[in-house]
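This report describes selected strands and helices of one structure. The sequence and model come first, and the description follows.

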Amino acid sequence: MRRQLEKIFNPRSIAVIGASNKPDTVGNALISNLLNGGFAGKVFPVNLRHDQILGLQAYSRIDKVPEKVDLAVIAIPAFSVPDVVEECGKAGVGGLVIISAGFLEVGQEGKMHADKILEICRRYGMRLIGPNCLGFIRPVGKINASFAAEMAFPGNLALISQSGALLTSILDWSVAQRVGFSYFVSIGSMIDVDFADLIDYFGTDPQTSCILIYMESLVHARRFMSAARSFSRNKPIIVLKAGRSFEGAQAALSHTGSMAGNDEVYDAAFRRAGIIRVDTIAQLFNIAQALALQNRPRGNRLAIITNAGGPGVLATDYLIRNGGQLARLSPKSLDELNQLLPSTWSRGNPIDLLGDASPDKYRKALQICIHDPGVDAALLILTPQYMTDPKGCAQAVAEAAKGSPKPVLASWMGEDEVQEGRQIFESGRIPNYRFPESAVDAFLRIWRYTRDLQLLYETPPAIPKDFSPDTDSAKQVVADLLSRDRQLLTEIEAKKLLSAYQIPVIKSHFCQNPKEAIDAAEMLGYPVVLKIVSPDISHKTDVGGVMLDLQNLADVQRAYYTLYERVALRRPAARLEGVLVEPMIRKPFELLLGAKKDPVFGPVIAFGHGGTGAEVFKDFQLGLPPLNMALAQQIVEGTRFFPLLRGYRGLPGVNLKELDFLLCKFAYLLMDIPEIREIDINPFLADHLGGLVVDARIVLDAFSGISGKPYQHLVISPYPGRKYSRSVTLKDGAIVFLRPIRPEDEPAMEDMLQNVSNDSLYMRFFGFIPKMSHAWMVRFTHIDYDRELAIVAEVDTPKGGRQFVGVVRIIEDAWRENAEYSILVADHFHGRGLGNILTDYIFDIARERGIRKIVASVLPNNTPMIHMFERRGFRFDRSALDIYDVELQLLLNPD
């Protein structure tokens with residue numbers, strides 16, 4: 001698949017179908033841009049009515065072109081496009097860009113044309129960008145396959161946009177600002193090539209350092225999340241997502257012809273993928289510039305150095321309001337600043353150098369802040385005053401910032417008087433902004449990106465106790481209900497489903513007459529609660545279907561009749577099966593735990609402040625399953641009332657570990673039961689001793705999953721432990737347990753690596769490995785199971801635990817054609833058959849996943865591995881003397 005995209009982005013020949021001699025037409029702009037841009041390959045105009053286009057011989061059809069064409073750019077009426085695409089396929093064209101509009105955005109007829117085009121492309125193995133797009137520009141290759149008015153400068157930013165008009169505006173701005181791009185792509189309606197394809201392509205492109213996206217809607221969310229998670233750690237992805245408002249989302253829907261989704265869910269998904277989200281075009285490039293020029297901050301403590309009090313105050317306000325901190329200067333730094341500055345200086349942060357600040361004061365103040373351990377970054381602000389030297393101060397800052405491990409940002413406010421200073425900053429690789437708030441915003445967004453990545457890839461603690469949900473029982477409950485065309489669960493059924501996943505629920509008694517209710521209350525002890533049970537009423541409180549704090553027999557009898565009367569009055573058609581009698585529980589914390597199936601991202605978890613004030617406070621956090629203990633902890637800590645949950649002013653909080661575990665169990669329920677459309681647990685009453693589900697509402701839908709492929713309703717592949725875990729017996733009788741690796745395995749993996757000989761490590765990593773830091777280890781334990789699988793081998797230890805004795809891994813390419821294989825076996829298990837077992841097992845898994853080719857590299861002196869490859873029929877490439885490359889074509893398992 002990458003080879004097919006190469007035909008589009010690195011073609012040797014391009015045909016323009018719909019090329020025209022007529023000025024001010026798209027066909028004329030396309031052919032002119034290719035000729036004027038300096039493209040070194042061949043350009044073939046295709047036009048039914050003309051023999052020549054702009055001095056080039058034109059051809060009536062693509063099959064009349066005398067040479068094979070790598071890329072065809074199509075700009076003809078929409079109704080003609082399917083036939084032309086068929087002709088391109090027959091002519092062996094490598095890839096297509098369809099400029100033409102009139103497909104998904106115009107309704108059902110346009111969708112039929114789009115479906116036909118996609119079917120043709122797949123039949124001939126062509127990839128397609130568009131339709132309804134501007135085209136693309138690749139400045140390094142001097143390819144302007146667009147109808148934009150200008151050619152972009154070369155650089156290291158890849159820009160992908162669903163809006164062609166926005167792209168032309170950005171292009172015009174970028175030329176004036178001399179901002180360069182590696183790729184500049186209008187992606188249009190994305191009926192084939194989408195965001196995920198381009199993230200994968202640009203993610204492995206050495207000329208691209210950062211990927212910028214303007215997004216209106218998203219299809220294939222799972223592929224997008226997988227691609228983004230694969231590259232966001234090392235190659236930042238910045239997204240400007242339109243449609244935050246309801247009206248904006250509706251406009252995006254009509255523009256792109258696809259589902260827009262819930263904007264808050266996009267926020268949660270982007271955080272989970274390590275994506276930086278911005279709100280404006282200016283922020284898109286501000287963040288990209290800062291990431292390209294400076295180190296990432298270690299924290300959110302900013303030192304502000306200014307020659308004017310007002311801008312310093314504005315910067316401080318923006319910093320604090322958006323989650324940053326003013327750096328607290330050390331006594332040593334304050335002493336040095338006291339010696340440097342007049343006695344009237346601010347004596348704190350912001351550091352006001354006063355209006356006559358010289359270049360030397362800017363230099364020394366910055367040096368003091370860089371060396372202060374309490375400072376994570378520095379912002380320099382200058383306003384042009386009569387005695388100010390903007391150019392000299394900029395030179396001083398650039399010199400002081402050279403080699404700084406901490407980010408340094410600048411805001412030289414004004415225009416003409418500070419222009420030379422800005423040019424010095426650009427030469428000195430210091431991000432500079434017209435307004436200090438923009439600089440603070442860039443700093444904070446990059447800090448959040450850095451923090452979010454650290455949180456995403458921290459080693460999670462193991463689940464605190466054995467967790468064995470009764471999945472079969474839960475599935476049976478759901479199947480029985482759907483077989484009776486029931487989608488709304490009663491509270492009894494909902495609690496049964498939750499109990500199957502060991503989610504604690506309050507003890508309930510189902511009663512169908514007043515005597516049963518009184519007997520239940522007497523057995524439970526007063527006070528009690530009565531609640532209606534009806535398969536037709538979703539929200540009991542809407543019909544007055546709950547009565548609280550019943551103190552005695554008479555209260556219970558009266559409440560029973562009252563509940564029936566209320567339902568008869570307010571919902572006369574509803575079936576009333578009886579009531580639930582429950583103890584009246586009082587705990588200090590009312591929590592909300594819920595989930596809803598988003599049309600783009602599937603099931604989404606919500607946790608926050610519950611009770612009757614949930615909709616008033618709106619204090620909740622969203623997350624995507626699957627969860628581990630660390631991810632669950634981040635959701636809990638993201639709420640505003642988390643300080644209360646932790647314990648506040650001597651009042652006990654909740655058991656936070658149990659709360660995190662609750663979210664993990666809840667996520668498993670959503671993962672295993674794709675038919676769940678909505679769950680609302682409100683309230684979940686909690687204190688320092690534990691918690692209980694007091695009320696629960698669950699709604700199902702008839703999920704139509706892909707047969708034989710579980711978890712397709714999720715956008716993040718869950719841990720495949722159930723599928724790929726087994727025990728094997730070695731030839732000497734030793735029993736070894738095989739299972740997929742997980743993030744919690746980092747300590748065990750590190751222990752294995754530390755106890756493997758240097759020779760074994762050298763054979764595996766082709767060199768001696770560096771210090772085993774967490775940042776290095778996460779590459780092996782935090783993996784995307786859609787793209788990579790590592791099987792660990794572990795054995796029981798005399799002390800009752802387990803230790804790793806081997807690991808085998810395949811890393812797939814983005815299109816699941818090839819997979820890279822590697823293996824490491826502990827020295828004391830060499831020669832016992834474990835390596836062969838692991839290898840055969842991972843190759844069987846590769847076949848099952850549709851991998852066609854296994855590739856690997858091996859050192860020439862690694863004789864055992866060479867013999868293993870030879871026995872399995874690998875083909876060797878020994879052209880390089882220091883490393884052999886090997887590959888094996890896999891015979892796929894029959895369906």
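## Sheet and helices

An open sheet is built from four strands in the order β20-β23-β21-β22, with antiparallel pairing. Because β20 (509-511) and β22 (546-550) are the edge strands with a single partner strand each, one side of each has no neighbour in the sheet. On average, neighbouring strands of this sheet are turned by 25 degrees against each other, direction ignored. This is a predicted model, in which local features need pLDDT of at least 70, side-chain atom pairs count only at pLDDT 80 or more, and totals for chains, interfaces and linings use all residues. Residues are numbered from 1 along each chain as its sequence is written, and side-chain values use heavy atoms, without hydrogens and water.

Strands (E, at least two residues) and helices (H or I, at least four) are DSSP runs numbered from the N terminus. Two strands pair if DSSP finds at least two bridges between them. Strand β21 (residues 528-533) pairs with β22 in the antiparallel sense over three bridges. Lysine 531 has valine 546 in β22 as its bridge partner.

Helix α18 (residues 491-499) lies across β20, β21 and β23 (578-583). Angles run from 0 to 180 degrees between N-to-C directions of axes, which are lines fitted to C-alpha atoms, for helices over the stretch in contact (heavy atoms within 4.5 Å).

| Pair | Angle |
|---|---|
| α18 and β23 | about 50 degrees |
| α26 (residues 746-754) and α28 (residues 774-781) | roughly 105 degrees |

The axes of α26 and α28 come within 10 Å. These two helices are therefore roughly perpendicular to each other (65 to 115 degrees; under 35 counts as roughly parallel, over 145 as roughly antiparallel and the rest as oblique). In their contact, α26 contributes Glu746, Met749, Glu750 and Leu753, and α28 contributes His774, Trp776, Met777, Val778 and Thr781.
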